[in-house]
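Hi,

Here is the structure I promised to pass on to you. Have a look at it first, and then read on for what turned up.

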Amino acid sequence: RFRCRRFVAERVRKVFRMYHVGWYKEGRTIFWQIDQAGEVHGGKIMRFAANGHRAKKEDGTPAPGALFWVHNVLQRAGKLPEGWKLEQCLFGAHLLSSEDMPAPVCLVEAEKSAIIGACAMPQYIWVATCSKQNLKRETLDPLFEYSRRAGAVTVFPDLGSRDDWAARLEPFRLLLPFTLSDCLESKAPDAARAKGLDIADYLVGEF
């Protein structure tokens, strides 16, 4: 509903289908992590408020049950083998398998940012790391091969994270040609910086 207030509904539906966005109890969203071979690595379950941001309590801390994983549910139900361990991949990695007319890639941190980016600028493939800790070789590996066909990856760090992202990505410069966007840093007012807003907030007009 939040996306459809800002983008054409059919475009939103197409993007949700493209990323296999799912639904869980009480209106929560499932962001499935599917690799370039079509294998499901995990599903992050998140609750969002009506304003499109993650649900929070009045004191600003995350609301109960605002974030957990599909494997947490399956483990409690005894439906996963003992010792099973989550091995994350990029959100949207399955879109990097296309051999036909490869599109340029935009890399962001949050799944929500990738979805909004795909709605606003569909000429790019938007993928998300899901956390800064996933800026590592195992997670980024699909981008190395894809970038040889599609060219440099444009990276959009959240406000205040540009230097951190630059330091984490620099060791992969030869494997992954990338451009670190300064769009947010150059345009954001102080209020946006204080909140650590991201490219999704910019694209929906929040600053």
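Glu-26 is exposed, with a relative accessible area of 60%. You will find Glu-26 in the loop that links strand E1 (22–24) with strand E2 (28–34). Its backbone is worth a look as well: phi of Glu-26 is positive, near 60°, in a residue other than glycine. Please keep in mind that this is a predicted model.

Cys-130 also has a positive phi without being a glycine, and here the value is about 75°. This residue sits in a loop too, the one between strand E6 (125–128) and helix H4 (137–150). Is Cys-130 buried or exposed? Cys-130 counts as buried, because its relative accessibility is 10% and the cut-off for buried is under 20%.

Now to the inside of the protein. How many cavities of 30 Å³ or more does a search of the whole structure find? The search gives 1, and the space in the largest cavity comes to about 40 Å³.

How values were computed: Residues are numbered from 1 along each chain as its sequence is written. This is a predicted model: local features need pLDDT of at least 70, side-chain atom pairs count only at pLDDT 80 or more; totals for chains, interfaces and linings use all residues. Side-chain values use heavy atoms; hydrogens and water are left out. On a 1 Å grid over the protein atoms alone, a cavity is a set of points where a 1.4 Å probe fits but cannot get out, and a pocket is an open set with protein on both sides within 12 Å along at least five of seven lines; lining residues have an atom within 4 Å of a point. Grid points are joined across faces, edges and corners, and a volume is the space filled by probe spheres set on the points. Helices (H or I, at least four residues) and strands (E, at least two) are DSSP runs, numbered from the N terminus. Buried means under 20% relative accessible area, exposed over 50%, partly exposed in between (1.4 Å probe, protein chains only).
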